[in-house]
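Trainee: Please take me through this protein. I would like to start with the charged side chains and end with the overall picture.

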Amino acid sequence: EIHHFHFLFFAKSSLCHLYDIGEKQSIPINMGSKREGTKRGRKPGRKSKSDMKAKLERSRQSARECRARKKLRYQYLEELVANREKAVFALHRELDQYRQWAKDIDEGKIPEGLLKLIEEEKIKKSENE
């Protein structure tokens with residue numbers, strides 16, 4: 001024979017309730033006494049004014065240091081961005097120069113800068129050998 005029990009369990013502090021859904025009644029259950037006066041953690045109202053002042057000053061100092069670190073981080077990032085932007089602009093100029101050279105070559109002209117670049121590469125190659 002199989003019995004099906006349908007209970008809901010409610011707990012608040014050390015007194016719990018089982019609610020029998022079929023019978024629609026609540027059954028109180030004592031889960032044991034809760035220890036009184038043995039709270040864990042920090043106790044409120046135990047600090048002196050000097051402790052609070054010291055904590056407040058440490059907090060202010062920590063905030064100052066945090067702001068200083070943040071300022072340095074932003075300066076570093078701004079410098080990094082500025083350097084990258086300079087590199088991008090330099091690469092754009094170089095690309096424009098190569099496009100102009102390609103256009104000159106298509107028109108049958110020999111670009112002046114290209115001959116200079118070829119000569120420089122020849123000198124570098126001969127120095128490395």
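Trainee: How many salt bridges are there?

Mentor: This is a predicted model, in which local features need pLDDT of at least 70 and side-chain atom pairs count only at pLDDT 80 or more, while totals for chains, interfaces and linings use all residues. Residues are numbered from 1 along each chain as its sequence is written, and side-chain values use heavy atoms, with hydrogens and water left out. A salt bridge is a side-chain nitrogen of Lys or Arg within 4 Å of a carboxyl oxygen of Asp or Glu. By this rule the count is 3.

Trainee: Which residue forms a salt bridge with Asp96, and how far apart are the closest N and O atoms?

Mentor: Helices are DSSP runs of H or I with at least four residues, strands are runs of E with at least two, and both are numbered from the N terminus. The partner is Arg99, with the closest N and O atoms at 3.8 Å.

Trainee: Are Arg99 and Asp96 buried, partly exposed or exposed?

Mentor: Buried means under 20% relative accessible area, exposed means over 50%, and partly exposed lies in between (1.4 Å probe, protein chains only). Arg99 has 53% relative accessibility, so Arg99 counts as exposed. Asp96 has a relative accessible area of 43%, and therefore Asp96 is partly exposed.

Trainee: What is the N to O distance in the salt bridge of Glu57 and Arg64?

Mentor: Glu57 is partly exposed at 37% relative accessibility, and Arg64 is partly exposed at 38%. Their side chains meet in a salt bridge with an N to O distance of 3.0 Å.

Trainee: Which residue forms a salt bridge with Glu107?

Mentor: Glu107 is partly exposed, its relative accessible area being 46%. With the closest N and O atoms 3.3 Å apart, the partner of Glu107 is Lys109.

Trainee: Asp104 is buried yet has no salt bridge; how far away is the nearest side chain of opposite charge?

Mentor: Asp104 lies in helix H1. Contact means heavy atoms within 4.5 Å, and Asp104 touches Lys109 and Pro111 when residues up to four places away in sequence are not counted. For charge, Lys and Arg count as positive and Asp and Glu as negative, with His and the chain ends not counted. The nearest side chain of opposite charge to Asp104 is Lys109, at 4.9 Å.

Trainee: Which residues make the nonpolar surface patch of about 280 Å²?

Mentor: Patches are made of residues with over 30% relative accessible area and no salt bridge; like charges are joined within 9 Å and nonpolar side chains (Val, Leu, Ile, Met, Phe, Trp, Tyr) within 5 Å. Areas come from the Shrake-Rupley method with a 1.4 Å probe, and for residues only the protein chains shown count as cover. One member, Leu80, is found in helix H1 and is partly exposed at 31% relative accessibility. The patch is made by Tyr76, Leu77 and Leu80.

Trainee: How far apart in space are Gly113 and Tyr98?

Mentor: Gly113 lies in helix H2 (residues 112–128) and is partly exposed, with a relative accessible area of 27%. Gly113 and Tyr98 are 15 residues apart in sequence, and their C-alpha to C-alpha distance is 9.8 Å.

Trainee: In what order do the elements run from the N terminus?

Mentor: The protein has 2 helices and 3 strands. From the N terminus on, the order is β-β-β-α-α.

Trainee: Which element has the lowest mean pLDDT?

Mentor: pLDDT is the predictor's confidence in each residue, from 0 to 100. The protein averages 80, and 64% of the residues score at least 70. H1 has the highest mean among the elements, 94, and the lowest, 51, belongs to strand S1 (residues 7–12).
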